[in-house]
Amino acid sequence: TVSKESTSGLLRRRVWGMQKILLVMVAVALAGCGGSKESENPRYAEEGTLNGLVAANELFVEAVELVSDAQSKETTDIPAAIKSYEQALFQVRGILNKYKKSDLAVKLVSGEALFTGKSLAQIEERVKKLKAEEQRIEVGMRRLGLENTIVYKAICERLKKPTGELTKADLEKVKDLSLYNNQLTDVKGLENLTQLTTLELGENQ
């Protein structure tokens with residue numbers, strides 16, 4: 001006959017053996033996960049996984065930050081604003097292509113205003129308008145012999161004329177102009193303002 005003590009010891013050894021097997025299995029599983037691309041770089045995460053959700057959210061956060069940066073530059077540096085907007089759209093396309101079934105992708109496609117009050121379609125439309133504005137400014141500057149976008153836009157604002165409609169005759173109407181705090185390093189082209197008597201250049205370089 002087998003004593004109660006020996007039976008109890010046998011059971012304990014069996015339980016311990018099973019625990020050791022389970023620990024080994026867990027360790028192997030963790031090692032396998034640790035070596036995958038998904039854990040090393042969330043951008044490789046598969047759609048439908050937790051890392052996939054994190055990766056989509058990271059792309060979206062970066063896109064929102066780029067949109068905010070673009071909006072802050074629209075009035076002072078259109079090319080830089082366009083660049084930031086296009087970088088944001090690149091991030092969004094990454095979400096739509098890689099994580100198309102995610103709630104975030106569905107919201108983007110449905111037209112929800114996720115970018116500081118703007119939808120994806122509105123951001124795309126804004127980029128088109130800025131590019132058209134940039135082209136009008138470039139044509140207008142060449143026509144008038146001006147090389148600085150800030151100077152050109154300041155003249156347009158002073159005369160309350162849309163960009164692209166400024167003429168050489170308009171330049172002779174400018175008697176005062178403020179270029180305050182515009183990070184200007186030169187004011188080439190102001191010699192064309194033959195009637196200019198007052199010029200504010202404070203807080204520039």
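A search of the whole structure, a predicted model, finds 1 aromatic pair (ring centres of Phe, Tyr or Trp, the last by its six-membered ring, within 6.5 Å). The partners are F60 and F115, with 5.4 Å from centre to centre and 50° between the planes, and the pair is tilted (planes under 30 degrees apart count as stacked, over 60 as edge-to-face, the rest as tilted). Because F60 belongs to helix α3 (residues 50-73) and F115 to the loop between α5 and α6 (120-144), the pair ties together parts 55 residues apart in sequence. Helices (H or I, at least four residues) and strands (E, at least two) are DSSP runs numbered from the N terminus.

Residues are numbered from 1 along each chain as its sequence is written. In this predicted model, local features need pLDDT of at least 70 and side-chain atom pairs pLDDT 80 or more, while totals for chains, interfaces and linings use all residues; side-chain values use heavy atoms, without hydrogens and water.

The axes of helix α4 (residues 78-98) and helix α5 (residues 103-110) come within 9 Å and cross at roughly 120° (lines fitted to C-alpha atoms over the stretch in contact; angles from 0 to 180 degrees between N-to-C directions). V92, I95 and L96 of α4 meet L104, A105, L108 and V109 of α5 (heavy atoms within 4.5 Å). By class, this contact has 7 nonpolar, no polar and no charged residues (Ala, Val, Leu, Ile, Met, Phe, Trp, Tyr, Cys and Pro are nonpolar; Asp, Glu, Lys and Arg charged; the others, Gly among them, polar).

The lining of the largest pocket includes T75, T76, K153, E157 and R158 (a pocket is an open set of points on a 1 Å grid, with a 1.4 Å probe and protein on both sides within 12 Å along at least five of seven lines; lining residues have an atom within 4 Å of a point). Helix α7 gives the most to this lining, with 5 residues. The lining residues divide into 4 nonpolar, 4 polar and 3 charged.
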